[in-house]
Amino acid sequence: MDQRFDVTERFADGAQYIAGRLREGGSEGTHAVVDPATGEQVFSYRLAGTADVDAAVAAAETAFPEWAGATPGERSDAMHRFAAALTERADDLAHAESLQCGKPIKLSAEFDVPGSIDNTAFFAGAARHLEGKAAGEYSGDHTSYIRREPIGVIGSIAPWNYPLQMAAWKVLPAIAAGNTIVLKPAELTPLTSLMFAQAATEAGLPDGVVNVVSGTGREAGERLVSHPGVAMTSFTGSTAVGKRVAELATATVKRIHLELGGKAPFVVFDDADLAAAAHGAIAGALINTGQDCTAATRAYVQRPLYDAFVAAVADLMATVRLGDPFDPHTDLGPLISHAQRDRVAGFVERARGYATVVTGGEAPGGDLAKGAYYRPTLITGAPQDSEVVQSEIFGPVLVVLPFDSDDEGIALANDTPYGLAASAWSRDVYRTGRASREIRAGCVWINDHIPIISEMPHGGVRASGFGKDMSAYSFEEYTQVKHVMSDNTAVVRKDWHRTVFGDRQT
Ligand SMILES: NC(=O)c1ccc[n+]([C@@H]2O[C@H](COP(=O)([O-])OP(=O)(O)OC[C@H]3O[C@@H](n4cnc5c(N)ncnc54)[C@H](O)[C@@H]3O)[C@@H](O)[C@H]2O)c1
Ligand SMILES: C[N+](C)(C)CC=O
C-alpha cells in the first residue's frame, strides 16, 4: 500500500456519510478494502445496515425543500464551488482511486478525476438551463405552461470499476435539478465516493443533499431501492442485478434509470487504417484492465485485413506494461480482485476448448504474482454463439472474428443481447454512416473507441438498460414535467362544460 494516503486516519469516523458527516455503519458485518495490486488490506469498515439507509434517506428528505427551493443560479454557484473543491483535492482523489481499484495512476489522474471535475462544472451550468415547451393559449381559453421540477430523494447504486466517475454521473445531474441523493457505492470501493460527498459539503452544499451509504447490495442496496421515501432509483451495474433492482423499484412505482452491462463490438471494414484500428483495439479493450462497460470486446475484421489485424494486435499486446499502479509508466494494473481475476481466467480456460488463445491467457509471475493481474489476452477462432463472444467478461480479453460482407459485419455486431457502445472503422463515410445507423447501441464511435465527453449522453439500449448519464439528457432524467393550465375567461359556465353537462341550465 502506498503510504502517502492514510485511509484509516481519513475515515476514522466510519464510511457512512449522512447529513454532512462521517459515521460508523450499523450493520453487524465489516468489509475490507483491499489493494488489488498487493492483496493487502487498505482499510476495514462497518457496513451500512438498513437503519443507516433509513437515516440517509431521512437526511435527504429533510434537505430536499431547501435545496429544491434554491434558485437554479444558487445551485449552480454551489456546484461551481464543488468543482473547485474537487480540483483542490485532485491528487488525493486520483491516489485513492488507484489504491482501491488498482487503476494505473495515469488513468486516475488523466481520465477519472479530470473527467469528474469537468462533469461537475458542466452540471453547474446545466442547473440554469431548464428546458420546456412554450407557454401559450393552446385551448384558446387557458394559458398552459410547463414546470420542470425535481423528483425528490434519488437512491443511486454504483459499481466498482469507475467509482468516482460513477458517483459523479449519479450525483451531479440529480442535485443540479434540485433533488437530494443517497448514493450506495460498491462495497469494494467506497473511498472516492465518500471524498466526493465530503467535497460537496466543504463547498457549501447543505447537509443531507449528498449522502453515501457504504454497504452490500443485498442489505443496503435492496433497502435503498425499496425505500418508500425514495422517488427514483438510478442504477449502474450488471444486467443480472439490474433486473432485480428493476423488480424492487417497480414494486414501489419508482422512476428507474438502468445503466447495465455491455459487450461492445469493434467493426473493422477492409478499407480501414489498419495501424489506427489495431492501436484503437488495444486502448479500447485494455482500458481499466478491460473492466469498462464500453470496452471493445469483439473485434469483427473484414477478411482482407483479418490476419494483419490479429498479428498487429498480438504484437502491441506484447508491449503493454503491467506493473505497480503507482508507477507512472504502468499501462495495465490488476483486476479489481483476485475473484474477478479468477472469473476472467475461467472464461479463457473454457475458451481453450473451442478457440485459440493467441497471446496472454495467464497471470504473470514474479513481483506481480501476489496481485490480481492477468495478461492482455487475444482469442481467435471462437464461434459467434460461444461464451467469450456473447458474455461480458470484464477483463483484458479481446476476441477477434472475421467477416466477409458489410451486411455480415453489421449483423454480427448486433448479435448479442447488449447495446451499450460500438465502433466502426473505415475511410468510407457511407460505410461508417451505415454502421452508425444500423448498429443497435447507445453510442457508435467512428474510427475511435472509448472517448466520452460531459456534453454528450452515455447510456444503452436492450440488455444494456435505458436512460442517459452525462449531458442535458441526463439532467432531464432527474426532473419531472408538470403541466399547469390556467383559465383566462373568468366565466362560470365555460363552453366545454356543455360537453359534460349538456345545454341544461343549473
Ligand atoms: N452501463 C454503464 O454505464 C456501466 C458503467 C459501469 C459498469 N457497468 C456494469 O457494471 C458491472 C460491473 O460492476 P459490478 O460487478 O459492481 O456490478 P454489480 O451489478 O454486481 O453491482 C453493482 C452495484 O449493485 C449493488 N448490488 C448488488 N446486488 C444488489 C441488489 N440485490 N440490490 C441492490 N443493489 C445491489 C452492488 O453492491 C454494487 O453497488 C458490469 O456489468 C458493467 O458493464 C455499466
Ligand atoms: C464510465 N465509463 C463509460 C468510462 C465506463 C463504464 O464502465
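Trainee: How far does a polar side-chain atom of His458 lie from an oxygen atom of ligand 1?
Mentor: The model is predicted, so the value is computed from its atoms. A polar contact needs N or O atoms within 3.5 Å. The polar side-chain atom of His458 and the oxygen atom of ligand 1 are separated by 2.7 Å.

Trainee: How much of the accessible area of ligand 1 does the protein cover?
Mentor: On its own, ligand 1 has 840 Å² of accessible area. The share of this that the protein covers is 89%.

Trainee: Which residue has a backbone N or O atom 2.7 Å from an oxygen atom of ligand 1?
Mentor: Ligand 1 is surrounded by 30 residues, and the closest include Ser238, Leu260 and Glu392. For Gly217, a polar backbone atom is 3.4 Å from a nitrogen atom of the ligand. The backbone atom 2.7 Å from an oxygen atom of ligand 1 belongs to Ala158.

Trainee: Where does ligand 2 sit?
Mentor: Among the residues around ligand 2 are Phe111, Tyr162, Trp169 and His458. The protein covers 97% of the 250 Å² of accessible area that ligand 2 has on its own. Ligand 2 sits in the largest pocket.

Trainee: How many disulfides does the count give?
Mentor: A disulfide requires two cysteine sulfur atoms within 2.5 Å. For Cys101, the nearest cysteine sulfur is that of Cys293, 14 Å away. For Cys443, the nearest is also that of Cys293, at 10 Å. The number of disulfides is zero.

Trainee: Is Cys101 buried or exposed?
Mentor: The cut-off for buried is under 20% relative accessible area. Cys101 has 5% relative accessibility, so Cys101 is buried.

Trainee: What is the relative accessible area of Cys443?
Mentor: Cys443 counts as partly exposed. That class lies between the cut-offs of 20% and 50%. The relative accessible area of Cys443 is 24%.

Trainee: What ipTM does the predictor give the complex?
Mentor: The mean pLDDT of the chain is 96, with 98% of its residues at 70 or more. The pTM of the complex is 0.96, and its ipTM is 0.97.

Conventions: Residues numbered from 1 in each chain as written. Chains lettered and ligands numbered in written order. Predicted model: local features only at pLDDT ≥ 70, side-chain atom pairs only at ≥ 80, totals over all residues. Heavy atoms only, no water. pLDDT = per-residue confidence, 0-100. Buried < 20%, exposed > 50% of the residue type's maximum accessible area, 1.4 Å probe, protein only. Near = heavy atom within 4 Å. Polar contact = N/O pair within 3.5 Å; in protein donor to acceptor, adjacent residues only side chain to side chain. Areas by Shrake-Rupley, 256 points an atom, 1.4 Å probe, with all protein chains shown as cover. 1 Å grid on protein atoms, 1.4 Å probe; cavity = no way out; pocket = protein on both sides within 12 Å on 5 of 7 lines; lining within 4 Å. Sits in = over half its atoms within 2 Å of the grid points.
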